[in-house]
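Subject: Structure handover

Hello,

Here is the structure I promised to pass on.

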Amino acid sequence: MNITVIGSGYVGLVSGTCFAEMGNRVTCVDIDPVKIEKLNKGIIPIFEPGLETMVLKNVKNENLFFTTKLNEALENSEIAFIAVGTPMGDDGSADLQYVLAVAKSIGQSMQKRLIVVDKSTVPIGTADKVKLTIQKELDLRNSDLEFDVVSNPEFL
Ligand SMILES: NC(=O)c1ccc[n+]([C@@H]2O[C@H](COP(=O)([O-])OP(=O)(O)OC[C@H]3O[C@@H](n4cnc5c(N)ncnc54)[C@H](O)[C@@H]3O)[C@@H](O)[C@H]2O)c1
């Protein structure tokens, strides 16, 4: 399958690389251009045993790509995983601003039917918020593109 992973940190980079290792064609997206530049040079920003070897192998096999351009990544993807941070606020609740910013960007840039997967750690009800956010952007575009939102949190 063609998969986009949005957020190339601990969860996104490891998940995306494993999906590529399983034979999928994966594009990992991040908002941080320095991180993406390093990844494209084969420099892995985190330590995870075996990750570097797996990243290099799948980049070489053209199963794994890194970019800052979400719209280009989504052009060929059937599934988009959201794996951005959800830092804990003072009251212990998850800050959803990054997840919802990604949802907005997906709604602005998706060009075909898409399955959107919440992989970030989020409270119950977030899938509805992600769905509404994407739909709002599609409505602004007068687009009738279809999409589904599912939960697959890393903690599972
Ligand atoms: N790290 C873990 O061991 C772990 C375990 C279980 C769950 N989680 C959860 O997984 C989620 C991700 O955690 P992490 O540790 O991978 O975070 P991280 O900070 O390592 O990575 C998040 C990445 O998202 C990128 N990002 C932010 N906004 C973006 C946007 N609009 N578009 C594209 N990229 C964007 C950041 O630049 C960063 O590289 C969080 O919800 C966290 O709670 C993490």
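**Two helices in contact**

V99, L100, A103, K104, I106, G107 and Q108 of α5 meet T126, K129, V130, T133, I134, K136, E137 and L138 of α6. By class, this contact of α5 with α6 holds seven nonpolar, four polar and four charged residues. Please keep in mind that this is a predicted model.

The geometry comes next. Helix α6 covers residues 126–140, and α5 packs against α6 at an angle of about 35°. The axes of α5 and α6 are 7 Å apart. The crossing of α5 past α6 is right-handed.

**Around the ligand**

The ligand is surrounded by 23 residues. The closest are G7, G9, Y10, V11 and S120. Two elements each give two or more residues to this shell: α1 (10–21) and α5 (97–109). By class, the shell has eleven nonpolar, eight polar and four charged residues.

**The nonpolar core**

The largest nonpolar core has 36 residues. Which of them touch the most other members? They are V5, I6, A80, F81, I82 and V116. Helix α1 supplies the largest share of this core, with five residues.

V5 is worth a look in the viewer. Set aside its neighbours within four places in sequence. V5 is then in contact with G12, S15, G16, V26, C28, V29, F81 and A83. Among these, F81 is also on the list of core residues that touch the most other members.

**Two positive phi values**

E62 has a phi near 60°, a positive value in a residue other than glycine. E62 sits in the loop between α3 (51–60) and β3 (64–67). Is E62 buried or exposed? E62 is exposed, because 9 other C-beta atoms lie within 10 Å and the cut-off for exposed is 12 or fewer.

N142 has a phi near 55°, again a positive value in a residue other than glycine. The loop between α6 and β6 (147–151) is where N142 is found. N142 counts as exposed too, because it has 6 C-beta neighbours inside 10 Å.

Over to you.

Best wishes

Technical notes
Residues numbered from 1 in each chain as written. Predicted model: local features only at pLDDT ≥ 70, side-chain atom pairs only at ≥ 80, totals over all residues. Near = placed C-beta within 6 Å. Helix = DSSP H or I, 4+ residues; strand = E, 2+ residues; numbered from the N terminus. Nonpolar A, V, L, I, M, F, W, Y, C, P; charged D, E, K, R; others polar. Axes fitted to C-alpha atoms, helices over the stretch in contact; angles between N-to-C directions. Left-handed = near helix turned anticlockwise from the far one by under 90°. Contact = placed C-beta atoms within 7 Å. Core = buried A, V, L, I, M, F, W, Y, C linked by C-beta atoms within 7 Å. Buried ≥ 20, exposed ≤ 12 C-beta atoms within 10 Å, placed from the backbone.
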